[in-house]
Each structure stands twice: as C-alpha cells, then as structure tokens.
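This briefing describes a predicted model. Please look over the sequence and the structure before reading the points.

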Amino acid sequence: MLKIKVSPKKSIDAHFYPLNNLFKYNKAFTLEAGGILPEIELAYQTLGKMNDDHSNVVWVCHAFTGSHDVEDWWQGLVGRGKLFDPDKQFIICVNVLGSHYGSTGPLSINPNTGEPYYHTFPFITIRDIVNSFDLLREHLGINRIRTCIGGSLGGQQCVEWAISQPDLIENLILIATNAQHSPWGIAFNESQRMSIEVDPTWKESNPQAGIEGMKAARATALISYRNYETYGVTQARNDEPLGKVHRATSYQRYQGEKLAQRFNAYSYFVLSQVMDSQDVGRGRGGAIQALSQIKSKTLVMGIKSDALFPINEQAFLAKHIPGATFQALDSLYGHDGFLIESQLITKAIKLWQKFVKLDVNPMYDFFKKLEEKSAVIH
C-alpha cells in the first residue's frame, strides 16, 4: 500500500490542516451489510484555510480509482486561480475506504490477525464511505459544508451524504452520477470482476494477486468510460498498414499497464462492488422519496455521450431533488468528460451560482412541462 507521509496536525482552533493527513478511528466501524472493521484510517488532503464560520468549505469526493490528491486528478477545477482556489476556499478530499492510497483497504493490516486483509476485506457500500467521512468531519470540527462536489462514484457519495445529512451541505454539485446504479452498469462491473477472477494468481494472498486480470478489467472499463465516437477520433486507423498493431489495441493495453503501476486488484474489485451498491432509496421508500429529502441547492450535470451513466440518470436526479438545476454537457469523451471537460464544467457552475444568488431555477418550467406531458399521457 502506498504510504502517506503524515505531517503533525496543527491546532484545530487555527482552522488550518497540513497537506496530507491520516485520520485514525480506533473503534469498531460497523458496516451497512453487517460486517465490521475493527478500526479504520482515512487518508485525506486539505488545501487552504477554513473560515471561522466554515463558509468556505469545499468537500470533493473522488471517483473509482482516484485519490485524495484532488489537484492531481481534477487540476482543471482545483488549484490556484481555478474555480476552487485554496487561496479563497478550504478544500478537502478524502481517500475512500477500500482504496489504495492510504485509507483502510484490502492491503491494510487487519489488527485482529496481524496480516493484510486481502480477500477477507468486508463488503462495503457507498453509505459506509459516507459514514466514515462524517466521522472525519466531526473530528475536524466542520459543522457546515459550503459546497460538496463529485462525479461518477464521487457523485454517488455526494448525493447519499445530502440525503443522510440534509442540513449539512449548502450547495450540492453532482456530475455524471446516479441515484441507483443500473443493471447495465452492474453488468460492466461484473465483467471486470470476472476478468480478475480468471487470473490464476487471484487466489493468492499477495499485493500483486490478480494484477493481469485487472489490466483486462481496465480495458473493459475504458470502453464504458468512452464511446464509439471517442475511439473513432482518438484512436483512428488512418490507413494503418496490414500487420501493424492498431492504435485502439495499443491504447487498451497501455491503459491496463498504466493502472497496474498505481493500483491493486483487490481495491479494484472492492470498489466496483461499492459502485454497484448505490441505491439511495434502499430502506427509505424508494429513490424518489429519498431524493425529496435533500435540502441543498443542487446542480446536476450530465454528459450527452455518457454510455455508463446515461444522461437520463442525471435528469432523474434533477427532477426529484427539490429545486435542482439540470445542465447537459456536450463532450466527445463520454463518461470521462467529467474529468476532462473542466472548462465546460467551470462555466456551468459559475452560471448556476449566479442563478442561486438570484434565487432563480431555470429548469423549473422545463420539469413542470414534463410533468404535465406525463399526466396527459397517463
């Protein structure tokens, strides 16, 4: 597991936290599915200083194989001079449970056995991740989140948190995410898990187990992250001579190798199941009822070319979250557009922020007409 260098934490009263931190919760952490982690650790990064009234807190939730180093993977949105600027805001991002970058995961030592968890790491859900975040939030003394933002798996965390803690988040920004992970998305994830399972090393208990299978899994994932048009442009054949390796072929293999340099198959397997667990309506009377509990001012963005989280899933969120604004984005890059299209996302957020200040919802009439049309049909 990647070791995180932990700087000594300064006084919370100073409202300042070092760049990299490790939060340790030395009590049993009970999981939604009934399992227990004897203790948990969360690696997190903070940027900037927190105001006395906590009015500048921005909590960023990362996606599948992301990390708490938000300036690295979302550099178009986070950084000095960017939309989320540490000179103006207090930005925090936490590595999720089950991941590879310092938080408790399959390669962590199980304190009950003195050995890494490996295959014995328990099943965890989006709600478990959000509950762990809330422990850290309380530890840091944060009683108000000005903006909570995330895409894909990160967006799943954001919407769950806004439901479970409706008075905590003032502004909620959801990008390329959903209220319930679809059978289509689950099938993609199961196909990836099958790739890992057929790797003969997967049954072993060592950090490199299943790594070749994970490479194949990543190649499968890329197909869902992009789309037909993306590959047609970025991996065009361009009169390739017979016998030459196709650009699409080398690209798929490169992406698998690239991930293998920074991730492990156990975490990949676990987090794919976390994504599948998303269902905000579980135990709450359904998704519509659950979403109606959100009090945050909400912007939902969907990508028209997204094959994995189709834009109708974001339209559903926006329709059923009270007062939400919906913005469709044009991008060649499919689902990965939430990581790539920083300029489009920045413009959409800035426009929405103006509407929020004016207390205007530009989508109100749109959804009202949809409801009227639906009533006529039925």
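The points below cover the pocket, the annotated positions, the sheet and the helices on the sheet.

The model is predicted. Its largest pocket holds about 850 Å³ of space, and 35 residues line that pocket. An open sheet of eight strands is also present, with mixed pairing. A UniProt record (unreviewed entry) places the feature "binding site" at Arg-218 and Asp-336.

**Largest pocket**

- Closest to the centre of the largest pocket, among its lining residues, are Thr-65, Trp-73, Arg-218, Arg-262 and Leu-339.
- By class, the lining of the largest pocket comprises 16 nonpolar, twelve polar and seven charged residues.
- Four helices each supply at least two residues of this lining: H1 (70-73), H5 (211-225), H7 (247-260) and H11 (337-340).
- Helix H7 gives the most to the lining, with five residues.

**Annotated positions**

- The "binding site" feature at Arg-218 and Asp-336 comes from the unreviewed UniProt entry.
- These positions span 119 residues in sequence, yet no two of their C-alpha atoms are more than 13.5 Å apart, so they gather at one spot.
- Both Arg-218 and Asp-336 belong to the lining of the largest pocket.

**Sheet**

- The strand order in the open sheet is S1-S4-S6-S5-S9-S10-S11-S12.
- Strand S1 (20-25) and strand S12 (325-329) are the edge strands, each pairing on one side only.
- From one strand to the next, the twist averages 20°.
- Strands of a sheet pair through backbone hydrogen bonds, in either a parallel or an antiparallel way.
- For S1 and strand S4 (residues 40-47), the pairing is antiparallel and runs over six bridges.
- Leu-22 is opposite Ala-43 in S4.

**Helices on the sheet**

How values were computed
Residues numbered from 1 in each chain as written. Predicted model: local features only at pLDDT ≥ 70, side-chain atom pairs only at ≥ 80, totals over all residues. Heavy atoms only, no water. 1 Å grid on protein atoms, 1.4 Å probe; cavity = no way out; pocket = protein on both sides within 12 Å on 5 of 7 lines; lining within 4 Å. Points joined across faces, edges and corners; volume = space filled by probe spheres on them. Nonpolar A, V, L, I, M, F, W, Y, C, P; charged D, E, K, R; others polar. Pairing = 2+ DSSP bridges. Axes fitted to C-alpha atoms, helices over the stretch in contact; angles between N-to-C directions. UniProt positions renumbered as here; feature names shortened; annotations may be inferred.
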